[in-house]
Amino acid sequence: TDIAIAPDGAIWFVEFRANGIGLPLFALASFEDSNVRVASGGALAGQWYAGVSYAPWFLPAYWKQFPVDSTFGASFGHDAVLLAAQALRDSKDRPALIHVLRTGHIADGATPGISADGRNGFKFPVGIKVVGADGLDYRH
């Protein structure tokens with residue numbers, strides 16, 4: 001299967017479609033950014049991508065508080081604050097703090113099941129999403 005790998009930025013998606021490039025587009029995380037979807041003017045409609053799976057409550061709560069801000073990275077920022085608070089609450093000294101940060105698990109965060117992997121990385125659930133026709137909504 002042929003795909004076009006597009007640089008980040010809605011202008012590229014619009015230009016690809018305007019110039020008749022009908023191949024499926026692939027971009028790392030760009031489709032998750034609500035501002036990119038809006039700026040693409042519908043050029044991303046029907047495109048699928050892999051993106052973080054959010055808790056059902058997160059996006060409505062986020063959009064209520066930040067109606068024009070991008071959702072890109074928002075759930076990770078939310079859960080990072082929860083993890084930092086957990087580490088500060090549960091740690092008595094610096095080694096304990098580092099241990100919690102490297103192995104912590106946020107059960108009720110914006111990204112369900114996100115957990116530190118013990119190697120300064122994180123495991124988190126992803127879903128296959130499709131950009132909606134209006135560029136704003138997407139389906140899991």
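Predicted model: local features only at pLDDT ≥ 70, side-chain atom pairs only at ≥ 80, totals over all residues.
## Overall fold

The protein chain has five helices and seven strands. Read from the N terminus, the order of elements is β-α-β-α-β-α-α-α-β-β-β-β.

The protein chain has 140 residues, and 38% of them are buried. Contacts can also be sorted by sequence separation. Of those with a separation of 6 or more, 45% join residues 24 or more positions apart.

## Helix 4 against helix 5

Two packed helices are described by the angle between their axes and the distance between the axes. Here the pair is helix 4, spanning 74-90, and helix 5, spanning 94-103. Their axes come within 9 Å. They cross at roughly 145°, and the crossing is right-handed.

Side by side, the contact residues are as follows. Helix 4 contributes L83, A84, Q86, A87 and L88. Helix 5 answers with L97, V100 and L101.

## A buried loop residue

T71 sits in the loop between helix 3 (58-65) and helix 4 (74-90). Is T71 buried or exposed? Its relative accessibility is 0%, so T71 counts as buried, the cut-off being under 20%.

What does T71 touch, leaving aside residues up to four places away in sequence? The partners are E32, S34, Y54, L59, Y62 and W63. Among them, L59, Y62 and W63 fall within the 58-65 range of helix 3.

## Surface and nonpolar patch

The accessible surface of the protein chain comes to about 8,300 Å². Carbon and sulfur atoms hold 62% of that surface.

One nonpolar surface patch is formed by F76, F122, F124 and V126. Together these residues have about 360 Å² of accessible area. F76 lies in helix 4. F76 has a relative accessibility of 31%, so F76 counts as partly exposed.

## The salt bridge

How many salt bridges does the structure hold? There is one. It pairs R89 with D90, and the closest N and O atoms are 3.1 Å apart.

The two partners fall into separate accessibility classes. R89 has a relative accessible area of 60% and is therefore exposed, the cut-off being over 50%. D90, at 41% relative accessibility, counts as partly exposed.

Key: Residues numbered from 1 in each chain as written. Heavy atoms only, no water. Helix = DSSP H or I, 4+ residues; strand = E, 2+ residues; numbered from the N terminus. Buried < 20%, exposed > 50% of the residue type's maximum accessible area, 1.4 Å probe, protein only. Contact = heavy atoms within 4.5 Å. Areas by Shrake-Rupley, 256 points an atom, 1.4 Å probe, with all protein chains shown as cover. Patch = residues over 30% accessible without salt bridge, like charges linked within 9 Å, V, L, I, M, F, W, Y side chains within 5 Å. Salt bridge = Lys/Arg side-chain N within 4 Å of Asp/Glu carboxyl O. Axes fitted to C-alpha atoms, helices over the stretch in contact; angles between N-to-C directions. Left-handed = near helix turned anticlockwise from the far one by under 90°.
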